[in-house]
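Have the viewer open and follow along.

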Amino acid sequence: HHIFYNQDATKAYVTALQTEALHVIDMTRFPYRLVPIPTPGCKVQENIIFSNDNMTWYVTCMGSGSVVVGDAVADEVIKIISMPGTYPHGIALHEGIDRIVVASCVAPDFSGTGHTIEVIQASTGEHLGSIPVSDKRGAAPVEVLFVPGSDPPVAYVTNMMSNTLWAAVWDKGSRNFFTEKIFDFKEVGAYMPLEIYFNRIVDRLYITSADPGALHVFDISDGPLKPVLLKSLPTAGGAHHVAFTQDERRAYVQNSLLNLPGINDGSITVIDLVKLEVVGSIDTFKNNG
């Protein structure tokens with residue numbers, strides 16, 4: 001499903017939607033080979049994160065309400081964190097506050113929808129509880145990501161079905177998060193916000209939305225709770241993941257979320273991040289079906 005590199009890019013991990021096995025590739029040995037890691041009970045694998053010391057990985061299991069913790073050296077499961085009634089998708093770790101936060105999104109068959117982030121104590125794996133990141137149920141939080149270097153720690157959450165961006169702010173006194181809505185994508189005619197990215201100096205925030213397809217560029221130089229929308233750049237239906245060039249001058253937006261009308265264009269939009277304008281479209285895959 002997705003490919004994630006560990007902290008030093010010596011390994012690549014591939015999640016799977018239909019098998020209860022994670023796969024790993026040793027990037028230091030050629031030819032590259034997939035090696036399965038059994039993850040019994042982890043259904044519909046989504047995202048992976050790694051500890052700072054590269055010793056531990058965590059994978060979300062959207063179809064089984066759990067997070068699997070693995071030994072990143074031996075590549076074997078060491079713990080399962082069960083969170084019944086949740087749909088774990090996005091996941092983020094902040095070791096400075098000993099917390100993992102997980103976005104509870106949707107059931108794989110769409111029979112249920114979440115509206116919370118789940119809070120886990122990183123050092124013990126204890127599930128500490130749920131925190132709403134929506135004014136109502138059914139928001140489907142999809143991705144969660146800590147703002148690098150923010151003090152106090154702040155995590156952004158994109159709500160796929162309520163079309164909003166929320167912030168979870170760490171409160172040192174209560175050792176918990178308080179949450180607030182900080183942007184409504186509906187106000188700019190955008191729906192299904194998805195991925196979250198930052199530039200290196202963390203004064204820009206980039207978020208994709210799938211319907212009708214756009215890359216939204218925010219100025220966050222006044223702080224993470226005061227995002228200012230600079231421009232919404234039209235891409236194509238299903239805008240999802242983004243690749244950035246090393247010099248941060250260009251972005252490539254992959255336009256395909258699900259194989260459904262309106263969100264499965266198949267193209268890749270090329271964006272000039274300096275001029276904030278669309279400069280091209282790569283239609284290779286689209287033209288080949």
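The paragraphs below look at a sheet, a hairpin and the cysteines of this predicted model.

Begin with the open sheet, where four strands line up in the order 17-18-19-20 with antiparallel pairing. Strand 17 (191-198) and strand 20 (228-234) each have a single partner strand, so these edge strands have one side left without a neighbour in the sheet. From one strand to the next, the twist averages 25 degrees. For a closer look at one pairing, follow strand 17 alongside strand 18 (residues 204-211): five bridges join them in the antiparallel sense. Ile196 has Ile207 of strand 18 as its bridge partner.

Next comes a hairpin. Strand 21 (residues 239-244) pairs with strand 22 (residues 250-255) over four bridges, again in the antiparallel sense. Here Ala239 sits opposite Asn255 of strand 22. Five residues lie between the two strands of this hairpin, and Glu248 takes a positive phi near 60 degrees.

Now for the cysteines. A disulfide joins Cys42 and Cys61, with the sulfur atoms 2.0 Å apart, and the link is left-handed, at -100 degrees about the S-S bond. Cys42 lies in the loop between strand 4 (34-38) and strand 5 (45-50), while Cys61 belongs to strand 6 (residues 56-61); the two are 19 residues apart. Cys42 is buried, at 0% relative accessible area, and Cys61 is buried at 0% relative accessibility.

Cys105 is buried, with 2% relative accessibility.

How values were computed
Residues numbered from 1 in each chain as written. Predicted model: local features only at pLDDT ≥ 70, side-chain atom pairs only at ≥ 80, totals over all residues. Heavy atoms only, no water. Pairing = 2+ DSSP bridges. Axes fitted to C-alpha atoms, helices over the stretch in contact; angles between N-to-C directions. Disulfide = S-S within 2.5 Å. Buried < 20%, exposed > 50% of the residue type's maximum accessible area, 1.4 Å probe, protein only.
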